[in-house]
2 protein chains.
Amino acid sequence: MQTVATTSDSADTVDLGPASGLSCRECGERFALGPIFACEACFGPLEVAYDLPSGDPEELRKRIESGPDNIWRYAPLLPVPADVAGKPNLNPGFTQLVPADNLARELGVTGGLWVKDDSGNPTHSFKDRVVAQAIEAARAFGFTTLSCSSTGNLAGAVGAAAARAGFRSCVFIPHDLEQGKVVMAAVYGGELVGIEGNYDDVNRFCSELIGDPAGEGWGFVNVNLRPYYAEGSKTLAYEICEQLGWRLPDQIVIPIASGSQLTKIDKGLQELIKLGLVEDRPYRIFGAQAEGCSPVSAAFKAGHDVVRPQKPDTIAKSLAIGNPADGPYVLDICRRTGGAVEDVTDAEIVDAIKLLARTEGIFTETAGGTTLGVAKKLIEAGVIDPALTTVVVNTGDGLKTLDAVAPTTGMSAVIRPNLDSFREAGLA
Amino acid sequence: MQTVATTSDSADTVDLGPASGLSCRECGERFALGPIFACEACFGPLEVAYDLPSGDPEELRKRIESGPDNIWRYAPLLPVPADVAGKPNLNPGFTQLVPADNLARELGVTGGLWVKDDSGNPTHSFKDRVVAQAIEAARAFGFTTLSCSSTGNLAGAVGAAAARAGFRSCVFIPHDLEQGKVVMAAVYGGELVGIEGNYDDVNRFCSELIGDPAGEGWGFVNVNLRPYYAEGSKTLAYEICEQLGWRLPDQIVIPIASGSQLTKIDKGLQELIKLGLVEDRPYRIFGAQAEGCSPVSAAFKAGHDVVRPQKPDTIAKSLAIGNPADGPYVLDICRRTGGAVEDVTDAEIVDAIKLLARTEGIFTETAGGTTLGVAKKLIEAGVIDPALTTVVVNTGDGLKTLDAVAPTTGMSAVIRPNLDSFREAGLA
């Protein structure tokens, strides 16, 4: 298997719909569709290039609106075959865009505040969107085993999607992961392999396996299928705009792990503008990190173009990537759109989780707490304009990070089963 | 507050859409809409009566299909005001009806097998459907506090829904509930009160509170709002038929706790037939219990009309109601439709949870394991016909009952981060 592309790659039999090839984000070199992720010329990351539909935007809008209630309504804009909706897949997406009126009141937002709630996905995180694309690429390239390195959430998303789609799965995790996360990942019946080492060791081992005959026929969703996988995050942009009535939000707050999601949401918004599906007007993108893993936020504040790696130490484990691959692109986008990157402490993350639960009945995980915490901080600082429309992206589910809130969340009172005890507790 | 209805109740100002009143399931006596749940004449349970829409079924079908992607598309058939979709609510429903082709192959089902996957609801169980109805009834009756007795799942559903809808909530649970469930219920910021006693003590206390001035203005979703609350389960029937292309399934397997859900799914199917939205043809309803709490199954097998209470002892805690209120109605329905009630052991429940995860990538809780376990048992026994269409209802999410599968779910191997170790483990 190749890890670096050559222009001689042939992909005559590959049908990934509007995807016309791969292009290098750094030097622009083009490659045929294939399980490759780095440019031969400059080692830059590859991304999917498209022949997007031309013609009347109104017709495309109607075609989308009459599609299925999941990400496949956007199949004409994704690297998937046209008949994707008929294939076995978890069919994630079209999650609720919740009008967060109670939260808006509490934060003093007057221009409209929405939470894009991706906890409604099949395995309850946005990962289902990206894995769904990887599954279709794996089918196209003839892979029979799906794999990934993970610290938990992705492992479950891959295990579940592989089970539905009929792939063997073999997922690699650090051997000392919490038991709850191991169970969530292992229950789907694929191979779940603990690696004696930390997440970096797991990653290094996966790269080694891709280059070895033992990895023949294996699609690593976040390595050799990464260009396709990453495109799944575009659907967040499409859905937000469609659910707002085919309108761009003024401001959007997005968590940063590798930074891929933020860059792909921007890509999605740009595509909608180019296709005439939304009016072309300014929007601002804000990135959110935890203070304990804030390399992009630090670079943004220091005015740097490069991101200095950090050793993560935060409860927001699903965002704890100390050397985020897409960091520089995130900086570009947040600066270009007039946005910002900010970080919050673990205590602010917990407070934000509780704030969202108390105001909107949405229980998010630590990544969502980070995003809302940053939104709150930027609103209070006057960086996010409360008079404009704002969307906060919630990427996950609080049931997966119960430990974060457990120490400060419990019963208000314990009483005996009678009215006197009830009155004594001051509950009447 | 009244707990027993009188025919003099006036509800001139109550707008609950097509709901025209309450009627006693035992003696048929009619009452005005109000926060009442037991018949004055015979103490039988009250249920909502309707003036259902008349006219062209095709028009009603189109009206439903153009509605929101949640339960409110069925507002014309529910006890809610016509403008319900614009009110703050968790907006549950229209969850996936998953074509379970892998599972069908494994079970030898050839006529089509679907899983109605209610883990996709906002708090990841079907409880969001019923609580959503109770919220609208609470608004109509001017309640300001929402309450319930719960062993966990309902507490979270009420806490979340109350937060979104702007109600105070005060939920009662046994004081010794597992910490995880306490966190899931408490995070929404309402009052969560532990009662020194078991679930029966909690229930008794709630009944006492309803009759006391301290309970003035309190809507107990599963007590004085129960007639409205219970109607939410009808939406499962509506969605299944619409998602099958406005067609009745031949066979449907449903878990039994109080039995309410099963009776309301039957009510929903009957309404669709009466309205001409589906063709009137036979369907069979099957009820699922855990062996450790199988009073309805025991009565069914013994040919009894009454249900003898049991002391529950099963891992399927969300089904562990030893004296199910709707047990006799469940027996009626399963017998009338040519169905059956069956039960499975805790080990079979765990096996079924893993079977569903492995074949379809759906991680269900113990209640779902019970339902699928019973479906499997009845297929193997030739009671469920594998050549007919079958729907299995999954009411909840495996993340809430991790303990059930944890002892038998883990890593396949632990290796060192190198290819030799990988090969030694036999993974290549």
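What you're looking at is a predicted model, where local features need pLDDT of at least 70, side-chain atom pairs count only at pLDDT 80 or more, and totals for chains, interfaces and linings use all residues. Residues are numbered from 1 along each chain as its sequence is written, chains are lettered from A and ligands numbered from 1 in the order in which they are written, and side-chain values use heavy atoms, with hydrogens and water left out.

**Helix H9 of chain B**

- H9(B) covers residues 260–274 and reaches 21 Å from its first C-alpha to its last, close to the 21 Å expected. That expected span is 1.5 Å times one less than the number of residues.
- Helices (H or I, at least four residues) and strands (E, at least two) are DSSP runs, numbered from the N terminus.
- Just after H9(B) comes B:Gly276, which takes a positive phi of about 75 degrees.

**The six-stranded sheet in chain A**

- In chain A, 6 strands line up as S4-S5-S13-S10-S11-S12 in an open sheet with mixed pairing. Two strands count as paired if DSSP finds at least two bridges between them.
- Strands S4 (97–99) and S12 (340–344) of chain A stand at the edges with a single partner strand each, so one side of each has no neighbour in the sheet. From one strand to the next, the twist averages 25 degrees.
- S10(A) (residues 251–255) and S13(A) (residues 390–394) run parallel and are joined by 3 bridges. One pair to look for is A:Ile252 with its bridge partner A:Val391 in S13(A).
- S11(A) and S12(A) are parallel too, with 5 bridges between them. Across that pairing, A:Gln289 stands opposite A:Asp343 in S12(A).
- What about the burial of S12(A)? 5 of its 5 residues are buried, so S12(A) is largely enclosed by the rest of the structure.
- A:Ala340, A:Glu342 and A:Val344 point one way from S12(A), while A:Val341 and A:Asp343 point the other way. In a regular strand, side chains alternate between the two faces of the sheet.

**Helices lying across that sheet**

- Helix H11 of chain A (residues 327–336) lies across S11 (284–290) and S12 of chain A, at about 135 degrees to S11(A). Such angles run from 0 to 180 degrees between N-to-C directions, with axes fitted to C-alpha atoms (for helices, over the stretch in contact).
- Helix H12 of chain A (residues 346–360) lies across S4, S5 (113–117), S11 and S12 of chain A, at about 95 degrees to S12(A).

**Where the two chains share strands**

- S7(A) (residues 168–174) runs parallel to S8(A), and 5 bridges join them. The bridge partner of A:Ile173 in S8(A) is A:Gly194.
- Another open sheet has 5 strands in the order S14(A)-S8(B)-S7(B)-S6(B)-S9(B), with parallel pairing. Its edge strands are S14(A) (413–415) and S9(B) (218–220), each pairing on one side only.
- In that sheet, 3 bridges join S14(A) to S8(B), and A:Ala413 has B:Val193 as its bridge partner.

- A:Trp72 sits in the loop between helix H1 (57–65) and S4 of chain A, and A:Trp72 is buried with a relative accessible area of 3%. Beyond four places in sequence, A:Trp72 touches several residues, including A:Leu78, A:Val80 and A:Glu136; contact means heavy atoms within 4.5 Å.
- Which residue does UniProt list for "modified residue: N6-(pyridoxal phosphate)lysine"? The unreviewed entry gives A:Lys127; UniProt annotations may be inferred rather than shown by experiment.
- A:Lys127 lies in helix H3 of chain A (residues 127–140). Leaving aside neighbours within four places in sequence, A:Lys127 is in contact with A:Leu154, A:Ala157 and A:Tyr229.

Note on methods. Buried < 20%, exposed > 50% of the residue type's maximum accessible area, 1.4 Å probe, protein only.
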